[in-house]
Amino acid sequence: MSDVLLEVKNLTKYFETPAGTLHAVDGLTFRLERGKTLGVVGESGCGKSTTGRAILRLHEPTSGEVIFEGRDITGISQKEMTRLRTEMQMIFQDPFASLNPRKTVSEIIAEPLRLHKMFKNKKEQEKRVLELMELVGLSERLVNTYPHELDGGRRQRIGIARALAMKPKFIVCDEPVSALDVSIQAQILNLLKNLQKEFGLTYMFITHDLSVVNYFSDEIVVMYLGKVVEHASSEDLFAHPIHPYTKALLSAIPIPSLGARKERILLKGEITSPINPKPGCRFAPRCEYAQPCCFEQSPELKEQEPNHFVSCHFSDKF
Amino acid sequence: MAEKQYCIDIKDLAVKFTTMDGVVHAINGVDLKIEKGKTLGLVGETGAGKTTTALSILRLIPNPPGEITSGTIVLEEKNIFEYTEKEMEAIRGKQVSMIFQDPMTSLNPVMTVGDQIAEVIQLHENVDAKGALEKAKEMLEMVGIPGNRAGEYPHQFSGGMKQRVIIAMALVCNPHLLIADEPTTALDVTIQAQVLDLMQKLKEKYGTSMLMITHDLGIVAEVCDEVSIMYAGRIVEHGTLEDIFNRTSHPYTEGLFGSLPNIEKREEELKPIPGLMPDPTNLPAGCPFHPRCVYCQEICKSRVPAQTHLSDTHTVACLAYEEGTGVSLGGKHS
């Protein structure tokens, strides 16, 4: 039996801008089992970060349901939401901007403990902070340092310790390694993986880096301009991509080995504007297989093969 | 075999910056050569000294705080340190040009893109304003931007298109050497693919030599002929693509490959390099990589490794390849 921790149904987030309505996330639906990782990939502006934030209600969703442990959290009060945030946390992309520069490492990590009044006395709180620092590989002597004294990798470890402080069940990782050098990136990825094993964490892993997402995720959602274009297990997606956008995206990854050069699909043009999008498939203007119907009708996400969802009018032809 | 012709030949370059926190030894004896028409990849992490190397070639190291303390850079058979500032100006943009990492900040926001390209032409060639703008439009077409957009401002273009404008600007005077400093890092993968493809085509068309600075070994595998791996201001390994990818010799290079997720075998564990980049104001004695090296021996902490030639094309700076040091890489190499 599958143990679903999070279910998202028809999640939509629109922003009103002077130029019109920006469709950041448009009808997103997925389920995430406990202890698994869902990777969300796509290029700048595809709505992947907004998705993560809308699930945690850091952006109020425009419509749709977010069901966490069997309960729709979109309607609940702010007060209840605050309590629920102890179970749902976030790790941010930029370890330089997401830490308060005027607080020390231990103050930053203790902040959620303090806010939620976890400990009666300071001693216990300090003990927990040191425990968390050890968990993420920060040495004890750093307790009184400030973020600016530390490098990106260590700062990201602070962000992870802070997210873990309340023993959450679910963590949204929004590009947690993209600001880091490769050797440090690998350290952080391994840390996140080990923490998942140890605490049975469920991750939503948002990234633009396809080799990282493949390494890290059980399932992958590919987004394009606010819509899901393909959703499958990682093995399946990388072995048999179906949607023309996914194919182009995968073929564009530079592979760090010789002889692996493959035929690259060069997409024409660039991502179109998500403001007042035209009807029809959002990828159609760049798609080499686009037919007139693609510009008129928006394709539904359908189960092309078992557990492999694709949103394309011609998915059975590829 | 005919004598190889080099577009640029850097010998024993050293650069330091004097700052409030101490002296930053950014580059400590770098040798680099690029054969005419070839592409050299310069790979390393933040703070390895890649960009400082590039700026030295253009003599754009801000002084103070920066200072080139030793070395020669021979460009087309002449040491650039002998040029006057005026002569140097004639070289920048004409013989050597550079593409910067961030297309958002390297264009002038209050000047049309056409005028920005035309400015380069007028500086280096004897043409009038009208002719320069005509040529700028042609160049825009060449990089896939309609010429009639020459009158638009940078903010009207997307990131990928801005980078194309910069490429157009860099190539308009047909330079002998193009330095590309992380040209696609700020771009999405599909746009990165377009831009790399474009650079490759233009490079072949004009026979330009290229120095490709990147941290992405995937890009190196696709566009470079030779690779230099840089760490803490030194070249630790240099070779052809085959040397570096298939006969990886330096422990740092090995660590870089171990840190990359393998897209074909996803079960494989990542093997990160332990520790952090050394503080450039306080570089470790001996081999700069020794505090992070899993094969480190006592001797590595005091003796600086020399460049050892493994073959005609492949050099490595590691004591394990020097006679009588007793350092071994666990028997998997040598």
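I looked up the hairpin of chain B, which joins β1(B) to β2(B) through 2 residues. Strand β1 (residues 6-19) and strand β2 (residues 22-35) of chain B pair in the antiparallel sense over 11 bridges, where pairing requires that DSSP finds at least two bridges between the strands. I noted B:His25 in β2(B) as the bridge partner of B:Lys16. Strands here are DSSP runs (E, at least two residues) and helices likewise (H or I, at least four), numbered from the N terminus.

On provenance, I recorded that this is a predicted model, in which local features need pLDDT of at least 70 and side-chain atom pairs count only at pLDDT 80 or more, while totals for chains, interfaces and linings use all residues. Residues are numbered from 1 along each chain as its sequence is written, chains are lettered from A and ligands numbered from 1 in the order in which they are written, and side-chain values use heavy atoms, with hydrogens and water left out.

Next I turned to the nonpolar cores, meaning sets of buried Ala, Val, Leu, Ile, Met, Phe, Trp, Tyr and Cys residues joined through side-chain atoms within 4.5 Å; buried means under 20% relative accessible area, exposed over 50%, and partly exposed in between (1.4 Å probe, protein chains only). The largest core has 68 residues, and B:Ile117 and B:Ile167 have the most contacts inside it. Helix α5 (residues 159-171) of chain B gives the largest share of this core, 8 residues. A second, separate core of 40 residues includes A:Leu150, A:Leu189, A:Phe205 and A:Tyr215.

I then followed α5(B) to helix α6 (residues 189-206) of chain B, and found the two packed at an angle of about 15 degrees with their axes 10 Å apart; axes are lines fitted to C-alpha atoms over the stretch in contact, and angles run from 0 to 180 degrees between N-to-C directions. These helices are therefore roughly parallel to each other, a term for angles under 35 degrees. Among the residues of α5(B) that meet α6(B) is B:Ile167, and those on the α6(B) side include B:Leu198 and B:Leu202, with contact meaning heavy atoms within 4.5 Å.

Last, I listed backbone details: cis peptide bonds join B:Asn63 to B:Pro64, with omega about -15 degrees, and B:Pro64 to B:Pro65, with omega about 10 degrees.

Conventions
Angles under 35 degrees count as roughly parallel, over 145 as roughly antiparallel, 65 to 115 as roughly perpendicular and the rest as oblique.
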